[in-house]
Amino acid sequence: MSQKHANKSGFETRAIHAGYEPDPMTGAVIPPIYATSTYKQDGVGGLRGGYEYSRSANPTRTALEGNIAALEEGERGFAFASGLAAEDTLVRSTCRPGDHAVIPDDAYGGTFRLFDKVEKVWGLEHSPAPVSDVDAVRAAIRPGTTRLVWIETPTNPLLNIGDIEALAGVAHDAGALLVVDNTFASPYLQQPLALGADVVVHSTTKYCGGHSDVVGGALVVRDHDLAEQLTFHQNAMGAVAGPFDSWLVLRGLKTLGVRMDRHCDNAERIVAFLSDHPKVSEVIYPGLPDHPGHDVAARQMKRFGGMVSFRCAGGEEQALAVCERSEVFTLGESLGGVESLIEHPGRMTHASVAGTDLEVPADLVRLSVGIETADDLIADLDRALG
Ligand code: PLP
């Protein structure tokens, strides 16, 4: 399928065809894993297809970058060795020492650590603000120095919702870029660039890869100049995705739509079960009508995703016991794979924010609902809750 045709197609067609046309020499339907660091030149500077060294570009990575750009409806995509590598490259490319960023007050712990322990030492200040409160985000902006308004929506692990369109307006009024970490929603459920965001960030480790077998990251932008800037920094900083990792993420993206629909179906079943459970004091899911971000989520997301958090009536002790007793839900960090995972954010993914304003409740349990049989998942939680 021609790329022109693929890029104008529906989401699932793009997921399968965008970024790569069958190899003209062999007809290979799937891009090979180009395990090569360098490329033979036809005379000095005579590059075949533009490839000279695999840090700058590699055909397997190019296929992934084209595919994810098409899924996010952006101008260009960039693939990195991890989500945090993508974030670091973005920050160094768009900010200078002395600048300032607004970040979520419940950001993923690793993102907070990057801003607080790495970018701050380099000279970038940051202020946390709740993504669900547009006025609070506006108030956190420092006129003249804020370069980035950075949000996650839904956030990790409290599933707060930021209004992308409204926050894009707030960022742009201040001359800043709106960055949306779209890891939890995936491009199937939410396309921030179409709502006014300037940059989409992904930990492709999660739903994009989808099989818990690769660590990766991506950026997608819609502005040509910003894309050129990132091209320079991706090569200059060198935190690129390798060819095998790129191939795995590309393979995952082909089934993103069908996987996400099943993640959402199963999450809805589990939310209904937990909502009626006497040992659960609160279920947090943007699909619930009483979730404070429900209306915004319903406007900007296709469905409400596969992440569910809940609080245990029996406090931290019960939360830890549930995590340890479940069997179909595997106790582990990360999310977005086909298998269901359970974790205790306070002691695991978000331990790095303990003792800060970003600390999460001790009775909180986070579920990454997989695509197993829903009845088995419910029976497992029922057993684990005792
Ligand atoms: N953003 C979010 C929302 C995440 O959950 C994570 C990791 O869990 C990251 C970014 C960082 O990605 P990675 O672990 O691929 O570096």
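Begin by selecting Leu64, Ala79, Phe80, Ala81, Thr204, Val214, Val215, Gly216, Gly217, Ala241, Asp245 and Val249, which line the largest cavity. The model on screen is predicted, so local features need pLDDT of at least 70 and side-chain atom pairs count only at pLDDT 80 or more, while totals for chains, interfaces and linings use all residues. Residues are numbered from 1 along each chain as its sequence is written, and side-chain values use heavy atoms, with hydrogens and water left out.

On a 1 Å grid over the protein atoms alone, a cavity is a set of points where a 1.4 Å probe fits but cannot get out, and lining residues have an atom within 4 Å of a point. The largest cavity holds about 50 Å³ of space, a volume being the space filled by probe spheres set on the points, which are joined across faces, edges and corners. Across the whole structure, four cavities of 30 Å³ or more are found.

Next, colour β1 (76-80) and α10 (243-254), each of which supplies at least two residues of the lining of the largest cavity; helices (H or I, at least four residues) and strands (E, at least two) are DSSP runs, numbered from the N terminus. By class, the lining of this cavity has eight nonpolar, three polar and one charged residue, with Ala, Val, Leu, Ile, Met, Phe, Trp, Tyr, Cys and Pro counted as nonpolar, Asp, Glu, Lys and Arg as charged, and the others, Gly among them, as polar.

Now move to the largest pocket, a pocket being an open set of points with protein on both sides within 12 Å along at least five of seven lines. About 390 Å³ of space lies in the largest pocket, and of its 28 lining residues, Leu84, Tyr108, Asn156, Ser203 and Lys206 lie nearest its centre. Its lining comprises nine nonpolar, twelve polar and seven charged residues, and draws at least three residues from each of domain 1 (3-254) and domain 2 (256-385), whose bounds come from an automatic or database domain assignment.

Finally, select Ser203, which lies in strand β6 and counts as buried at 12% relative accessibility (buried means under 20% relative accessible area, exposed over 50%, partly exposed in between, with a 1.4 Å probe and protein chains only). Leaving aside neighbours within four places in sequence, Ser203 is in contact (heavy atoms within 4.5 Å) with Gly83, Thr183, Gly216 and Gly217.
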